[in-house]
Amino acid sequence: MDENRFPSTGLVRLSQILAPCGPIPVSKSTWWQGVKDGRFPQPQKLGPRTTVWRVDDIRALFEGQADG
């Protein structure tokens with residue numbers, strides 16, 4: 001993944017997290033099941049149709065996968 005394309009701080013939407021634009025190569029359904037199971041970080045709701053994740057949580061997830 002190109003480190004310069006993913007933000008270093010802030011909040012990101014699901015489209016920025018999942019491949020091909022983001023660093024996590026899973027489908028939406030797999031992602032949401034992982035959130036439910038606790039494998040992926042919990043989201044924050046900004047509004048009734050706006051869900052985001054903290055960049056720090058997502059970076060920890062994909063940098064941990066690269067290390068392990």
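Student: Which residue in strand 3 is the bridge partner of Lys45?
Tutor: That's Thr51. Keep in mind as we go that this is a predicted model.

Student: Noted. How many bridges join strand 2 to strand 3?
Tutor: There are 3 bridges, and the two strands run antiparallel. Strand 2 and strand 3 make a hairpin, with 2 residues between them.

Student: And what about strand 1, how does it pair with strand 3?
Tutor: In the antiparallel sense again, over 2 bridges, with strand 3 covering residues 50-54.

Student: Remind me, what holds paired strands together in general?
Tutor: Strands of a sheet pair through backbone hydrogen bonds, in either a parallel or an antiparallel way.

Student: Let's zoom out. What pattern does the protein follow along the sequence?
Tutor: Reading along, you get β-α-α-β-β-α. That's 3 helices and 3 strands.

Student: Switching to helix 2: which of its residues are buried?
Tutor: Helix 2 spans residues 28-37, and its buried residues are Trp31, Gly34 and Val35. Looking down the helix axis, these fall within an arc of 100°, so they line one face of helix 2.

Student: Why would residues spaced like that point the same way?
Tutor: An α-helix has 3.6 residues a turn, so residues three or four places apart point the same way.

Student: Nice. What's on the face turned away from the buried side of helix 2?
Tutor: You'll find the exposed residues Ser29 and Lys36 there.

Student: Last topic, the whole chain. How much of the protein is buried?
Tutor: Buried residues make up 31% of the 68 residues. The accessible surface comes to about 4500 Å², and 50% of that belongs to carbon and sulfur atoms.

Student: What share of the contacts with a separation of 6 or more comes from residues 24 or more positions apart?
Tutor: Those residues account for 44% of such contacts in the protein.

Conventions
Residues numbered from 1 in each chain as written. Predicted model: local features only at pLDDT ≥ 70, side-chain atom pairs only at ≥ 80, totals over all residues. Heavy atoms only, no water. Pairing = 2+ DSSP bridges. Helix = DSSP H or I, 4+ residues; strand = E, 2+ residues; numbered from the N terminus. Buried < 20%, exposed > 50% of the residue type's maximum accessible area, 1.4 Å probe, protein only. Contact = heavy atoms within 4.5 Å. Areas by Shrake-Rupley, 256 points an atom, 1.4 Å probe, with all protein chains shown as cover. Arc of directions from axis to C-beta.
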